[in-house]
Amino acid sequence: MNNDDIDRPQAMKIRQGIQDAITYSLPDKKFKPEKIDLVEIDLEVDNLGWNFHNFRVLNLTDIHLGQWINPEYLDELVNYVNSLNIDLITLTGDYFSYVTDGYEKSLENSFKKLKAKNGKFGVLGNHDHWMGASKVRRIFKESEVVDLSNDVHTLEKNGDFLNMCGVDSCTVCADNLNKVISKIKDDTPSILLSHEPDFATESSKTNKFDLQISGHSHGGQFIIPKVETTPFRGPNSRKFPVGLYKVGNMMQYTSKGLGTNSFRMRINCKPEITIITLKTNKKQKIEIE
């Protein structure tokens, strides 16, 4: 698929120009940890080797750089992420919104600064395709982020394995799940990155993935207290708009994301950084001498 095939929103630069001006006029332009929801989840994974027990995966999604989130904010957020002692970082799309001019280098510099012991892995979102997928892929390459769009990367630690998998954005019909499945190392725990959470309906049917990590919904930008879900659900995030779900034999997690689209308002729905700690369900053998 080339960029001419992608249905882009109209008047992108006009919309971004207005919101860019508003962003830089806001009084709270700096990142503050207390204004972020640091969500920590322990997740038991079948057949996970002991060498991946307590393996910490941090997910960032829906940055929408330039639209409410400015480069200075992102740079400070990255410094905070680097202080969290993470094993692996995942990035699940929508790094831009409607304009990339003036923001590409900032995103690249921030992604370069991100540090994780076992690497950085990402997929693209629908906005990234609307703005030119090649730009994001170049930034990934320059900042040593492994592009998992319809691909698989298998991690190995002392004889134990973990498949890191990804699909490209299904909103723009760039996903190719069959290609991913053909590359998976069999009988190995697998994590799938998919920008759109409702892709879990399809990915779960394969019984190939233990966990899918997604964004896209922004948590609806309004979460009903006590019910902990949102009434505002867009395309490809209607079924699994926020939080943790069991879909078939697979777990699905949908982050509230960092940025917002169109309206900056969030009600009971803080921007989110997610840390998922993988746990083995294997019994450990203890040698008795």
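**Close-up 1. Lysine 157 pairs with aspartate 160 of strand β7.** This is a predicted model, in which local features need pLDDT of at least 70, side-chain atom pairs count only at pLDDT 80 or more, and totals for chains, interfaces and linings use all residues. Residues are numbered from 1 along each chain as its sequence is written, and side-chain values use heavy atoms, leaving out hydrogens and water. Strands β6 (residues 151–157) and β7 (residues 160–166) run antiparallel, joined by seven bridges. Strands here are DSSP E runs of at least two residues, helices H or I runs of at least four, numbered from the N terminus. Two strands pair if DSSP finds at least two bridges between them. The β6–β7 hairpin has two residues between its strands. In its turn, asparagine 158 has a positive phi of about 50°.

**Close-up 2. Helix α2 (residues 71–82) packs with helix α3 (residues 104–113).** The angle is about 10°, and the axes lie 9 Å apart. Axes are lines fitted to C-alpha atoms, for helices over the stretch in contact; angles run from 0 to 180 degrees between N-to-C directions. The two helices are therefore roughly parallel (angles under 35 degrees). From α2, Pro71, Leu74, Asp75, Val78, Asn79 and Asn82 meet Ser106, Leu107, Ser110 and Lys113 of α3 (contact: heavy atoms within 4.5 Å).

Close-up 3. Glu104, Leu107, Glu108, Ser110 and Phe111 are buried (under 20% relative accessible area, 1.4 Å probe, protein chains only).

Technical notes. Parallel < 35°, antiparallel > 145°, perpendicular 65-115°, else oblique. Buried < 20%, exposed > 50% of the residue type's maximum accessible area, 1.4 Å probe, protein only.
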